[in-house]
Amino acid sequence: MSNLTASRELSPAELEALAAELDALRDSVLADLGERDARHIRRIIRIQRYTALAGRIGLFFGFNPLTWPLAALALGIAKILENMEIGHNVIHGQYDWMNDPRLNSQTYEWDIVGTSANWRKTHNFEHHTHTNILGLDGDLGYDITRITGAQRWNPLHRLQPLYNVLFALLFQWGVALQDLKLGRYVLGRRPWSELRAKLKPIGRKAGFQLFKDYVFFPVLAGPGFLAVLLGNLLANGLRNLWTYSIIHCGHFPAGVRIYSREECRNESRGHWYARQMNGSANIRCGRLMQLLSGHLSHQIEHHLFPDMPAHRYPEIAPQVREICLRYGQQYNSDSFVRQFGSVWAKFFHFARPTAQPELNPA
Amino acid sequence: MTVVASPAHTAATATPWTQRLLRHPWLDGPALSFFLEELNPMWSLVESQARVRAIHRETHDTLSIELVPGWGWPGFIAGQHVGVAVEINGISHRRRYSISSGPQARRRDTFTITVKREPGGKVSNWLHDQLRPGDRLRVAPPDGDFILPQPAPRDLLMLAAGSGITPLMAQLRALLASEHAGSIVLLHYLRSAEDRIFAGELESLQARHPNLQVLWCLESSRDQSAERFSPAQIAVRVPDYAQRHTLLCGPAGFMAAIRQHWDERQLNARLQFEYFGQVPALHPPTRHTDAHHPVELAGRRRHLQVGAQQPLLVALEAGGESPPYGCRQGICQSCKCRKRSGQVRNLITGQVSREPDEDIQLCISAAESALVLDY
């Protein structure tokens, strides 16, 4: 059901009309925000906290073949829920209107080694403002993966399918270090003293995360030290794999458009909207997976309305899709396997020095 | 009485231990607070809670609510106000109300706020209609500098209008409980006799304390006895008012007349007052036109003027400020800041934020009134 017919170019008048329609859709949801949304996020928080508690307690029973994998899985799911449906969405300001200090975008700190402060900059600002603009959106391949022929090839890219496996397993560290743009320091373009200052808050946060999962809870378990430590490692790894996979399905599948800076200079609001539509891809999946993806299964809706409570995305998706198609824009939506598969096809394809046009699986 | 906390007030109160625990670098404070709240909501580390011990009806439109605070509640000084948050349809609405009880209340661990029902007021109507004894309210610690100097001046004059009596009642209770020896005159200006908040208690205090004199000035009596504040009226009622240390609280118009008169007689040093909202300048330097609104930056004690059609971010930068920002188009939330008071319009959605203590995005908000911002 993917609609990978190339989008047509829209005239300024059409872009303006598109923006007006999407604004009206957003306003209708904003006017309806209330009790239902508050109940949703609080229910998810309650589920997440108790799942984490169950996982942590379960790991105290040691390497019991029945409880250990279940407990590690529970903790992993709790971490996924916290990062995706709670952390990511709260930090976007989706629940700021509630005026609840527990759900404030500026003060929420999530359960991951990266700091919320860095995330607000690299993700909320750089990625969401400059989505898919080559050279401005740091999320385009995260500076290590070549996902378009427009990126300059270097011999290291031959290894990108390999090091992406590593990157997926350690994804939270990528998130933590992304804002540092380490290459600049390695190449000596920026002083090391600056790097040290920037590393301080990251070190503090990462230190706490490591202490919690690999010292505090294992020591608390006494003889179950190793079971807890490895369980926590597995839970963190599961979360890393999952978040990596969902996020890479958002902007890298075949058909997703990548923009140049020139195309987006002084762009209108309508152009920004059109860029979000064409630069994002959805995952077609069931309710549970939508929740576990923090509703990034609806990446298109999320990129159009990043500060709308995410559980609303599935509800407005039919309208967004209808608007997209009516304006001759693609609405890229497919199963997880196909989207993720096409991302990996790109990894292999662009590992070679060919600067060919994008893959088109159609 | 509802008050809007002026940022200049933020007295250096010590951080409550609950907040220190919540932010402790080696603890997952939010998780700890979640499970504490599951056990007992009064144990929240995030927001102080208070249980409603009793609700007393003061007049046809005014209630006193006696509250027992939970963990992390600091003491207060008579004249201060507290924050109250009420959740309506998923949104927490925050207001500040003056404490009307004295710090030496019967039980040290309770305090009372007195709330007048405001026509159309979200929070005051909710408190009047929905709140029952035994319920819990979310509360924020006391604040405010409407506090008597220490030692208290000997002879005092208290001028209140309507529900403006609330902080004065706390001060009166504190003074009388500490056996204040000097004379105290309280003038309470009211629309009619039914509006006499604390009437019974004031009468009994007056009977027990010969140094207290309470005078009710009814503004809308049908007969000749109707009286409003005027220099002549005060001179008749309290001939020695110029010699007294004066405490003033009431609606803006009432306070303006009194501040004007005290200013003319050069008695400003003996006048202490508390506003319901922003403190208007007695002598505005220039009349600001409709196209501009004054903005006060909390914490930095800066005041500047901003254009009504301009995004606040642009206007603040033009004024030499450098607030944090990112996308400048309402996407990234980097410029989100707390609006303490005033009204702004969202330039993209057209939504208007009227309530105190709401978060706004500077890059897409324009001022519609005088503002107090905190970033």
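The second largest pocket has a volume of about 1,300 Å³. Closest to its centre, among the 31 lining residues, are A:Y142, A:D143, A:I144, A:K181 and A:G183. The model is predicted.

**Pocket lining**
- Three helices of chain A each supply at least two lining residues of the second largest pocket: helix 5 (160-169), helix 6 (171-177) and helix 7 (183-186).
- By class, the lining of the second largest pocket holds 15 nonpolar, nine polar and seven charged residues.

**Extent of the interface**
- On chain B, 37 residues are in contact with 37 residues of chain A.

**Polar links across the interface**
- Between chain B and chain A, 17 residue pairs are in polar contact, with both residues at pLDDT 80 or more.
- Five salt bridges are found across the interface of chain B and chain A.
- In one salt bridge, the side chain of B:E37 meets that of A:R102 at 3.1 Å, N to O.

**The chain B side**
- Helix 2 (29-39), strand 5 (91-98), strand 15 (336-341) and strand 18 (358-361) of chain B each supply at least two residues of the side that touches chain A.
- Helix 2 of chain B gives the largest share of that side, six residues.
- The side of chain B that touches chain A has 13 nonpolar, 12 polar and 12 charged residues.

How values were computed
Residues are numbered from 1 along each chain as its sequence is written. Chains are lettered from A and ligands numbered from 1 in the order in which they are written. This is a predicted model: local features need pLDDT of at least 70, side-chain atom pairs count only at pLDDT 80 or more; totals for chains, interfaces and linings use all residues. Side-chain values use heavy atoms; hydrogens and water are left out. On a 1 Å grid over the protein atoms alone, a cavity is a set of points where a 1.4 Å probe fits but cannot get out, and a pocket is an open set with protein on both sides within 12 Å along at least five of seven lines; lining residues have an atom within 4 Å of a point. Grid points are joined across faces, edges and corners, and a volume is the space filled by probe spheres set on the points. Helices (H or I, at least four residues) and strands (E, at least two) are DSSP runs, numbered from the N terminus. Ala, Val, Leu, Ile, Met, Phe, Trp, Tyr, Cys and Pro count as nonpolar, Asp, Glu, Lys and Arg as charged, and the others, Gly among them, as polar. Contact means heavy atoms within 4.5 Å. A salt bridge is a side-chain nitrogen of Lys or Arg within 4 Å of a carboxyl oxygen of Asp or Glu. A polar contact is a pair of N or O atoms within 3.5 Å; within protein, one must be able to donate a hydrogen and the other to accept it, and residues adjacent in sequence count only if both atoms are side-chain atoms.
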